[in-house]
Amino acid sequence: MDDPAEQPYRRRPGRQRRAAVSALVRAALVAAGLVTVYYVLPLDGRGTTGDSVLLACGLLLVVVVFWWQVRATVTSPHPRLKAVETLATTLALFLLLFAGAYFLLEHTTPGSFSEPLSKTDSLYFTLTTFTTVGYGDITARSQTGRVLAMMQMVGGLLLVGVAARILAGAVQAGLRRQGREPSDDFPPRRKD
């Protein structure tokens, strides 16, 4: 048998499977928790200046949480799984932040959208904007609503492109830190 001290990394399928399930469950719980907070929070109209400050602070929070999670990805024993958790958390925060902003805009400035927005309608509009589906049943009518939607579009592109690239680099760094190369996670298939 091989000496474990000579092998820096030994595959343990059972542990990897448990780690993967655990990471997916944590990501789902975080997303569900954030959605619950979104629906429970008493979002009442404060005025456009307060809403703008709230949005700016929220976007700063998304960046801070993302960077904190990136650092955790590098030091994680399972950097790929941690990257999935990071992306799920960051994406949920980002989308719920904009859903809240749309909801507040409609309630402080009625008529900003083609129809009154409930929290569910705001989340729906956020998701259709993020996925670029844009069914057209809800549209931004006011200049503020359109600017907010454009900010979400640009932020979504950055989140998908730049954040994914940063996370890929963090995964690479985490694997190198463990003395592994990315190809170590996918050994050649055995021929039976």
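The model is predicted, so local features need pLDDT of at least 70 and side-chain atom pairs count only at pLDDT 80 or more, while totals for chains, interfaces and linings use all residues. Residues are numbered from 1 along each chain as its sequence is written, and side-chain values use heavy atoms, with hydrogens and water left out.

The protein comprises five helices and zero strands, where helices (H or I, at least four residues) and strands (E, at least two) are DSSP runs numbered from the N terminus. Read from the N terminus, the order is α-α-α-α-α. Of the 192 residues, 34% are buried, that is, under 20% relative accessible area, against over 50% for exposed and in between for partly exposed (1.4 Å probe, protein chains only). Among contacts (heavy atoms within 4.5 Å) between residues at least 6 apart in sequence, 73% join residues at least 24 apart.

The helix α3 has 30 residues and spans 43 Å from its first C-alpha to its last, close to the expected 44 Å; the expected span is 1.5 Å times one less than the number of residues. This helix is mostly covered, with 22 of its 30 residues buried.

A nonpolar core is a set of buried Ala, Val, Leu, Ile, Met, Phe, Trp, Tyr and Cys residues joined through side-chain atoms within 4.5 Å. The largest one has 27 residues, and those with the most contacts inside it are Leu55, Phe98, Tyr102, Phe113, Phe125 and Leu148. Two or more residues come from each of α2, α3 and α5, and α3 gives the most, nine residues. Setting aside residues up to four places away in sequence, Tyr102 touches Phe113, Leu117, Ser122, Phe125, Thr126, Gly145, Leu148, Ala149 and Gln152. A second, separate core of seven residues includes Leu96, Phe103, Leu104 and Leu123.

The largest pocket has a volume of about 620 Å³. A pocket is an open set of points on a 1 Å grid over the protein atoms alone, where a 1.4 Å probe fits, with protein on both sides within 12 Å along at least five of seven lines; lining residues have an atom within 4 Å of a point. The volume is the space filled by probe spheres set on the points, which are joined across faces, edges and corners. Of the 28 lining residues, Leu54, Leu55, Leu97, Gly100 and Ala101 are the closest to the centre. The elements giving two or more residues to the lining are α1 (13–40), α2 (48–75), α3 (79–108) and α5 (143–177), and α2 supplies the largest share, nine residues.
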